[in-house]
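User: Could you walk me through this structure in plain words? I'd like to go question by question.

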Protein chains: 2
Amino acid sequence: MDFTIENALIATQDNYTTASVQVVNGRIAAISSQLDTAGVSVKADNKLLLPGFVNAHTHSSEMWQRGIMSMFPLELWLAELYDFAPLDLEKVYLSALGTAVETLLSGGTTVVDHLVLIPGKELETIATAVRAYQEIGIRAFVAPLIQDESLAAGIPCGDTKQTHEPYFRSTQATLNIIEAAIKQFHRPGEGISIVVAPTGIQLCTDALFRGCVELSDKYNLCRHSHLLETKAQEKLAQEKYACTAVEHLNRIGYLDYRTSLAHCVHLTDSDIEILAKTKSTVVHNPLSNLRLGSGIAPVLKYRQAGVNVSFGCDGASSNDSQDLLEAIKIGSILHNLTDKDYQYWISPRQSVQMAALGGAIGLNMENENGSLEVGKKADLVLYDLTSLSLLPRTDPIGLLVLGRPVNVVDSVWVNGKQVVAEGEVTTIDVKNLRQELFKHSEWQTKRKSKTVAELETHYRLVMGL
Amino acid sequence: MDFTIENALIATQDNYTTASVQVVNGRIAAISSQLDTAGVSVKADNKLLLPGFVNAHTHSSEMWQRGIMSMFPLELWLAELYDFAPLDLEKVYLSALGTAVETLLSGGTTVVDHLVLIPGKELETIATAVRAYQEIGIRAFVAPLIQDESLAAGIPCGDTKQTHEPYFRSTQATLNIIEAAIKQFHRPGEGISIVVAPTGIQLCTDALFRGCVELSDKYNLCRHSHLLETKAQEKLAQEKYACTAVEHLNRIGYLDYRTSLAHCVHLTDSDIEILAKTKSTVVHNPLSNLRLGSGIAPVLKYRQAGVNVSFGCDGASSNDSQDLLEAIKIGSILHNLTDKDYQYWISPRQSVQMAALGGAIGLNMENENGSLEVGKKADLVLYDLTSLSLLPRTDPIGLLVLGRPVNVVDSVWVNGKQVVAEGEVTTIDVKNLRQELFKHSEWQTKRKSKTVAELETHYRLVMGL
């Protein structure tokens with residue numbers, strides 16, 4: 001349905017102007033202060049129009065464990081997470097919807113779901129998430145999370161001679177599942193893309209990474225992975241490869257302009273050069289990096305080296321939210337700690353560009369997405385500037401990025417289709433979703449993780465605790 | 001009006017129970033799973049009841065500049081702030097209301113307003129803020145922000161021989177204003193307390209600190225101040241006193257159990273011992289410390305040394321919000337960066353205790369406030385656990401502290417009087433407040449600060465930039 005957003009505030013080079021935006025056949029057809037109304041008229045007085053942001057890294061089913069996970073570093077946190085991971089498809093469906101709702105209501109129009117697969121129901125898990133995202137109408141990059149080594153392999157050996165159980169499924173069997181998923185679900189034109197997404201060097205063999213590169217080349221898919229989230233992973237890379245993880249991934253051909261890498265906390269200066277040269281994207285997940293004590297990603301260095309950076313919420317068990325505006329705020333001001341020269345600090349306008357265009361670049365869709373330009377797809381968000389949290393009036397983008405906006409997203413369009421109107425998701429029944437989430441869960445306190453009990457002594461030893 | 005909150009979820013030692021809470025004459029009269037309804041019945045099914053939090057450091061009138069301030073470190077940021085500070089009482093009134101609304105709707109029942117005074121209208125400024133807080137019904141500690149040195153004195157000299165203009169008002173004249181304010185407005189029983197509050201060692205002489213100590217002793221008032229927020233202040237203290245700022249404040253008798261100190265980022269281990277011995281309270285303002293690049297306050301060290309810590313939003317120009325739940329979340333997980341032994345990381349229950357009881361201790365009101373106990377004042381907050389942002393159900397306090405709660409505060413009582421019901425402030429018209437804030441402001445972009453232009457070269461030189 002064609003429409004015209006009338007009298008919205010939009011950003012110019014270093015100011016704002018009031019303009020109307022015509023959307024025809026799902027694309028931006030015109031932007032001007034003097035426009036006839038084409039199609040339906042959308043009044044946008046006192047509203048700010050921005051391109052949609054990208055939630056560039058999450059794990060939707062972690063929503064089931066938000067608020068309850070122990071205060072642990074990643075390696076032990078993962079052990080607890082997997083001990084209590086949801087194993088039914090209904091839950092996968094509900095948490096994908098929940099993740100999408102929170103993303104949409106915080107300015108996101110695209111989500112990258114590094115999706116945890118239920119063992120034995122891998123394709124069904126993917127089908128379920130795809131169905132949820134299609135129903136709600138968010139642009140989704142579904143990145144099935146795969147590995148071919150067992151969890152304990154992710155902790156460095158140190159001086160011990162630890163061995164690990166083999167993973168329960170062969171590398172080739174895993175790659176076959178991914179290729180089946182690609183054939184069945186990869187429909188970028190309809191807003192659903194499949195991404196190859198080995199979990200990271202800590203749990204994957206070179207054979208798995210290489211198999212993913214082949215699939216990526218064969219089907220022109222984006223590539224995704226965790227990278228150097230923790231000190232333990234930095235140590236492990238040296239044990240496994242006798243070089244840094246970035247050097248190794250570069251050597252085996254995993255890094256290119258379609259590759260986005262979540263976290264990137266512990267990289268050397270020469271690693272950063274490799275990311276710049278290969279045009280890889282860093283997905284910054286500031287809240288998860290704080291919650292798990294992983295560290296501060298050197299985002300100002302990335303920016304200075306010309307590495308593209310976007311923002312992710314990470315899974316809701318390590319955050320414990322899916323609010324992109326929160327990730328953008330903290331992921332911007334956090335770095336004021338890392339360089340005392342304030343000239344390099346990230347401005348709110350730069351944050352918005354990272355969240356929108358940076359996100360699009362990381363998904364190889366910057367020609368179609370990520371900015372308000374004629375010809376681009378209409379992934380748009382309209383913010384209500386009369387919300388108390390955005391008052392008094394000053395700089396709208398400054399208020400949005402540096403404040404703590406509440407109930408500010410008025411309307412959202414994805415691919416020109418409206419999915420939020422007057423602050424409410426229009427494509428699914430959110431009240432019903434809340435009831436289902438309530439029904440499928442219970443209030444509880446601390447749980448006892450068997451795997452943590454098995455791993456903790458070794459972890460503390462190797463990490464010098 | 002007496003009332004009974006029925007069937008609320010309340011925290012036990014390490015779990016939850018469902019109980020009812022009777023409030024009689026503004027105090028908690030009984031807490032039990034089997035209670036008759038006394039007075040009005042308040043249904044609290046699927047709601048969590050917690051003691052109110054304390055927004056232990058803010059500057060309400062900074063709300064007028066949120067979203068627009070440049071990305072600067074404190075010293076230059078302050079110069080810009082003061083160049084554009086609001087100078088009319090109507091604005092003081094509106095921003096005090098705005099600060100109170102955001103505090104209440106994020107779980108706060110008490111605010112400490114380190115209030116910027118309009119020159120020449122000092123008592124009127126205080127009267128205006130007091131009026132706003134009385135109208136809305138939040139418990140307020142109004143701490144008039146005073147200094148007796150000019151702004152430039154707050155930047156270290158380094159090797160230069162800088163001199164500064166004298167401050168426009170004498171130390172004694174300033175102290176006289178504070179004493180007049182105490183006599184006129186200090187009514188703790190009615191929820192309004194005056195606090196002595198020299199801005200900090202960077203802009204105050206010993207005479208001002210000593211005068212404040214006298215007033216504090218004479219009228220039994222709390223004491224407040226900024227302390228060692230930046231590296232520049234650490235440097236300045238050595239220039240002024242040839243010792244640390246904490247050593248100096250201890251020597252002149254400013255530190256005691258009624259003293260709360262905002263920021264405390266750059267303290268030595270022996271400074272921390274002094275805070276512990278004097279029973280001073282640290283007010284942690286994590287967002288402002290990030291935004292201004294001030295650093296990470298060593299909060300885990302404070303806790304291990306037995307120093308009481310509470311949370312503040314700081315003024316909305318350096319945050320740029322007044323959401324206590326955001327300050328509590330970031331102020332908790334931020335410290336997972338500072339100690340790799342996760343055993344010391346702050347748990348959500350500890351965060352809640354810091355925000356409520358820690359806040360009360362810092363204001364010398366822990367016998368009357370800060371926890372759900374029979375006999376204490378009814379400063380209470382009821383959270384709706386069916387909000388999407390708190391679903392699925394897991395650990396309610398974990399969800400509240402680690403999530404990004406939206407629209408979760410259902411009801412708030414201060415001193416037994418209801419000020420929020422069904423998520424809406426009942427004592428003032430918030431819609432009208434929004435209209436007034438809108439009317440008194442305009443959208444704008446970057447401004448040019450004259451004072452920043454004067455100070456920046458010297459600042460960069462002294463700070464080695």
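User: Which residues touch the most other members of the largest nonpolar core?

Analyst: Quick housekeeping: this is a predicted model, where local features need pLDDT of at least 70, side-chain atom pairs count only at pLDDT 80 or more, and totals for chains, interfaces and linings use all residues. Residues are numbered from 1 along each chain as its sequence is written, with chains lettered from A and ligands numbered from 1 in the order in which they are written. A nonpolar core here is a set of buried Ala, Val, Leu, Ile, Met, Phe, Trp, Tyr and Cys residues joined through C-beta atoms within 7 Å, and buried means 20 or more other C-beta atoms within 10 Å (exposed is 12 or fewer, partly exposed is in between; C-beta atoms are placed from the backbone). The largest core has 292 residues, and the ones touching the most other members are Val142(A) and Val142(B).

User: Leaving aside its neighbours within four places in sequence, what is Val142(A) in contact with?

Analyst: Contact means that the C-beta atoms, placed from the backbone, lie within 7 Å. On that basis, and skipping neighbours within four places in sequence, the partners of Val142(A) are Asp113(A), Leu115(A), Ile126(A), Ala129(A), Val130(A), Phe185(A), Ile192(A), Ile194(A) and Val195(A).

User: Is Ile136(B) buried or exposed?

Analyst: Ile136(B) sits in helix 3 (residues 122-136) of chain B; helices are DSSP runs of H or I with at least four residues, strands are E runs of at least two, and both are numbered from the N terminus. Leaving aside neighbours within four places in sequence, Ile136(B) is in contact with Leu97(B), Ala100(B), Val419(B), Val425(B), Thr427(B) and Ile428(B). Because it has 26 C-beta neighbours inside 10 Å, Ile136(B) counts as buried.

User: How do helix 1 and helix 15 of chain A run, roughly parallel or roughly antiparallel?

Analyst: Helix 1 (residues 74-83) and helix 15 (residues 450-462) of chain A pack at about 165°, with axes 8 Å apart. Those axes are lines fitted to C-alpha atoms over the stretch in contact, and angles run from 0 to 180 degrees between N-to-C directions. Under 35 degrees is roughly parallel, over 145 roughly antiparallel, 65 to 115 roughly perpendicular, and the rest oblique. So helix 1 of chain A is, relative to helix 15 of chain A, roughly antiparallel.

User: By class, what residues make up the contact of helix 1 with helix 15 of chain A?

Analyst: Helix 1 of chain A brings Glu75(A), Leu76(A), Ala79(A), Glu80(A), Tyr82(A) and Asp83(A), and helix 15 of chain A brings Lys450(A), Thr451(A), Val452(A), Leu455(A), Glu456(A) and Tyr459(A). Nonpolar covers Ala, Val, Leu, Ile, Met, Phe, Trp, Tyr, Cys and Pro, charged covers Asp, Glu, Lys and Arg, and the others, Gly among them, are polar. The contact therefore splits into six nonpolar, one polar and five charged residues.

User: By class, what is on the side of chain B that touches chain A?

Analyst: 62 residues of chain B are in contact with 62 residues of chain A. Elements giving two or more residues to that side of chain B include helix 2 (89-104) and helix 14 (430-439) of chain B. By class, that side has 31 nonpolar, 18 polar and 13 charged residues.

User: Where is Asp320(A) found?

Analyst: A cis peptide bond joins Asn319(A) and Asp320(A), with omega about 5°. Asp320(A) is in the loop between strand 13 (308-311) and helix 11 (324-333) of chain A.

User: Is Asn25(A) buried or exposed?

Analyst: Phi of Asn25(A) is near 50°, a positive value in a residue other than glycine. Asn25(A) is in the loop between strand 2 (16-24) and strand 3 (27-32) of chain A. Because 10 other C-beta atoms lie within 10 Å, Asn25(A) is exposed.

Technical notes. Contact = placed C-beta atoms within 7 Å.
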